[in-house]
Amino acid sequence: MRHVKGARNSCVMNAMMIPFEVLNGIIIFCRDFCYNHGLLKVTEPPLPLISVGNLSYGGTNKTPFVEMLARYMTSKNLRVGIVSRGYTGKSQNVILVNNCDAERELTGDEPLLLSRSLGNIPVAVAKKRIDGVIALKNSGVEIAIADDAFQHRSLARDVDIVLIDSACPFGSGKLIPNGILREKISALTRASLVVLTKANHVSREKFLELENSVAKYISREKIFASSLEIESWLQFGNDSGKSFTRIFAFSAIGSPESFRQSLEKCALTVSGQKIFQDHHRYTQKDLDELIAAARDCDSDALTCTEKDLYNMPENWRGKFSQMPLIVPKVRIAVHEPEKFFGLLRECLQPRIIVASNGYGEDSIGVILAKKLREKFPDSKIFAFPLVGKGDAYLQAGFEVKSAPSVTPSGGVLKYSLRDLWGDMRAGLLRHVTSQLRDWKNLSGKIRTPICVGDVYLLLHTLFGSGMRPLFAATAKTVYLSGHWRSEKFIINRFTQRTWTRDLESARQLGGKAIYSGSPIMDLLFESEDFESEPELESGYESENLILLLPGSRLRACKDVELLLNAALILHDRMITCDFRMVLAPTLPMKEFIASCESYGWKFVDNFLEHDGVKIRVTNHGIARAASGVKILLGLGGTANQLCAGLGIPVVSIDEKGKRVQKKLLGDSEILVNADSRSLAECVLRILSERDLYEFMSNSGRARMGSPGALDSIVNYTCDNLGWDIRERVYRILKNNLL
């Protein structure tokens with residue numbers, strides 16, 4: 001033990017242990033890699049969870065620190081519970097301990113110590129800590145504290161508090177079995193807060209040296225000190241009220257030397273000491289030998305820690321009828337408590353992130369983020385767009401956490417290798433690397449991410465954050481060839497829940513996939529934020545109102561000529577018709593209007609005019625712009641789909657991208673040659689054939705489905721992930737300061 005703690009250097013012991021230390025290091029590295037990149041599952045608890053742990057084996061005052069945190073949360077009118085693995089306990093089932101009402105054989109010693117000290121605060125003992133957290137939630141607990149869980153990475157946590165023993169912080173600095181470290185010191189980068197315990201047991205110089213070492217891995221403002229203080233004494237035996245000066249100490253704890261120092265600080269003379277292995281179960285013979293040793297040292301009494309009491313044999317109290325036993329009750333005092341609990345409170349503020357990978361997906365992501373902001377007003381909602389600069393999120397007031405990725409194709413992989421090569425030359429790999437680095441910086445600071453897009457986004461998020469996301473699968477559907485077998489495996493293996501665009505796609509994926517409405521159709525509820533745009537006048541247009549959509553990409557400035565000329569033909573061929581054109585927010589308005597003017601049109605008071613034809617121009621959302629529309633002449637993507645879902649027949653041009661869209665929209669869309677006359681003739685045909693019109697309208701509604709997926713996602717975060725409880729706990733703490 002002296003070797004692993006660094007008190008004695010043994011070359012022989014060091015040489016013998018190096019191979020095992022190296023092997024342990026490899027195992028730890030592989031394990032961390034798998035958790036960091038989502039290969040091993042991290043389960044999100046349904047309650048806000050504070051983990052209290054350490055880097056070394058035992059002796060950092062975790063138990064009194066957990067007790068201190070529990071008392072603090074209780075003082076803020078929160079229902080708190082503790083979850084423990086129950087080291088040395090034999091129960092395989094979850095045990096809820098209240099007021100020490102359990103057997104030591106089943107639970108271990110530390111849960112009983114905590115339960116005795118905390119009274120009605122429940123302590124859940126569970127081999128799988130997530131089962132203990134669930135049991136606490138079912139018993140009405142609002143916030144849980146996990147004892148000794150820093151290395152238990154399969155359980156996500158809201159706050160990671162790491163305790164370091166100031167007297168013996170890292171031992172020899174080597175991993176078990178050649179040292180006392182459970183993992184390398186660099187693991188402190190995962191910590192939310194670090195507390196240097198027993199600061200009153202070391203000199204000021206040694207403490208500052210330790211603080212400087214820790215500050216290499218975590219910012220100095222997150223490093224705190226604490227002292228271990230004896231609050232009162234328990235006494236067993238017949239000499240009640242007698243004062244003692246010479247004592248014989250024994251203990252079975254991780255840091256027996258700290259115990260001795262605490263006694264000496266109380267002006268007690270430690271005449272002798274006996275050290276047992278941590279969690280040692282005492283026998284009657286052990287007690288007889290301890291009493292004899294105390295008498296040989298001319299001691300007034302025996303002393304041990306409070307935890308040792310729960311490892312005593314039956315009828316142990318009678319042993320101390322002649323030689324009393326005194327036991328100190330200790331407490332943790334955190335230095336700068338106001339600052340510490342203030343930072344703890346901020347760490348408990350829920351942080352939610354929405355990731356998306358495309359302009360259409362960004363639009364859906366913005367609506368989802370707004371719904372989350374409305375549901376959780378005290379949480380922080382972030383955005384992580386993979387494509388572009390996240391303009392849609394920024395305009396809606398959300399902080400973007402990803403590095404911008406602007407590529408020629410406007411995406412990651414489009415329809416040809418030529419597009420991919422162009423993106424690579426524009427720095428696609430550099431963008432991907434930067435965004436993965438951004439995910440790493442967010443590690444441990446966010447809740448389960450929500451992905452809106454395709455499997456590439458899912459893998460990017462998983463590898464970057466290590467968290468298995470909620471997934472809105474907007475990119476694929478059975479109507480567009482469906483998901484590949486590899487994609488099915490990834491979705492079912494590496495997501496918590498998946499929402500599909502249609503019922504058939506959910507059935508194809510199986511597993512965790514559900515259909516609760518189409519996330520595409522949720523775009524209909526996009527908010528209207530264009531204050532300069534006047535309201536669309538009711539009754540201005542005729543019954544034959546034709547909607548024109550030039551698309552959302554820069555090519556729309558050129559393609560709009562097709563729509564303008566088709567409008568001229570339709571105006572000549574129809575007795576009454578009116579036109580409305582919707583401009584996507586991504587289109588540069590000035591450039592677009594200049595393009596229209598180059599084709600002979602004038603832009604006056606939100607109208608394009610030419611030879612008596614007037615086209616109203618609006619940038620309202622589709623739900624509002626499509627009101628009263630009879631048919632769509634559309635060169636867009638998502639907007640075309642929304643109109644089809646509203647029962648509006650769609651006419652578009654026959655090209656590669658639109659043929660893909662045609663598979664999705666089916667009979668609700670007709671593709672024609674890319675010339676204005678063909679577009680106009682198709683519109684006239686649909687409007688003149690009532691049966692065809694009704695068939696296309698009904699087909700669009702059936703194919704696109706109804707909205708509701710985004711509300712389902714928000715409800716899932718409340719019902720299954722406990723985000724509403726996190727919000728409530730944070731609000732209570734924010735309004736109930738120290």
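The model is a predicted one. Seven of the seven residues of β6 (residues 159-165) are buried, so the strand is mostly covered by the cut-off of under 20% relative accessible area. In a regular strand the side chains alternate between the two faces of the sheet.

**The sheet around β6**

Which strands form the open sheet, and in what order? Twelve strands form it, in the order β3-β4-β2-β5-β1-β6-β7-β8-β12-β11-β9-β10. The pairing is mixed. β3 (95-97) and β10 (269-275) stand at the edges. Each has a single partner strand, so one side of each lacks a neighbour in the sheet. From one strand to the next, the twist averages 30°.

| Pair | Sense | Bridges | Opposite residues |
|---|---|---|---|
| β1 (residues 49-54) and β6 | parallel | five bridges | Ser51 and Asp160 |

Asp160 stands opposite Ser51.

α7 (residues 256-264) lies across β6, β8 (223-236), β9 (246-251), β10, β11 (301-303) and β12 (325-334). Helix α7 runs at about 165° to β10.

**Helix α23**

Helix α23 spans residues 690-704, 15 residues in total. From its first C-alpha to its last it reaches 22 Å, close to the 21 Å expected at 1.5 Å a residue.

Which residues of α23 are buried? They are Leu692, Tyr693, Met696, Ser697, Ser699, Gly700 and Met704. These residues lie on the same side of α23, because they cover an arc of only 165° around the axis. An α-helix has 3.6 residues a turn, so residues three or four places apart point the same way.

What covers the buried residues of α23? The cover includes α20 (638-645), β26 (650-653), α21 (656-665), β27 (669-672) and α22 (676-688). The face turned away from the buried side carries the exposed residues Arg690, Asp691 and Ala702. Just after α23, Gly705 takes a positive phi of about 75°.

Note on methods
Residues numbered from 1 in each chain as written. Predicted model: local features only at pLDDT ≥ 70, side-chain atom pairs only at ≥ 80, totals over all residues. Heavy atoms only, no water. Helix = DSSP H or I, 4+ residues; strand = E, 2+ residues; numbered from the N terminus. Expected span 1.5 Å × (residues − 1). Buried < 20%, exposed > 50% of the residue type's maximum accessible area, 1.4 Å probe, protein only. Arc of directions from axis to C-beta. Contact = heavy atoms within 4.5 Å. Pairing = 2+ DSSP bridges. Axes fitted to C-alpha atoms, helices over the stretch in contact; angles between N-to-C directions.
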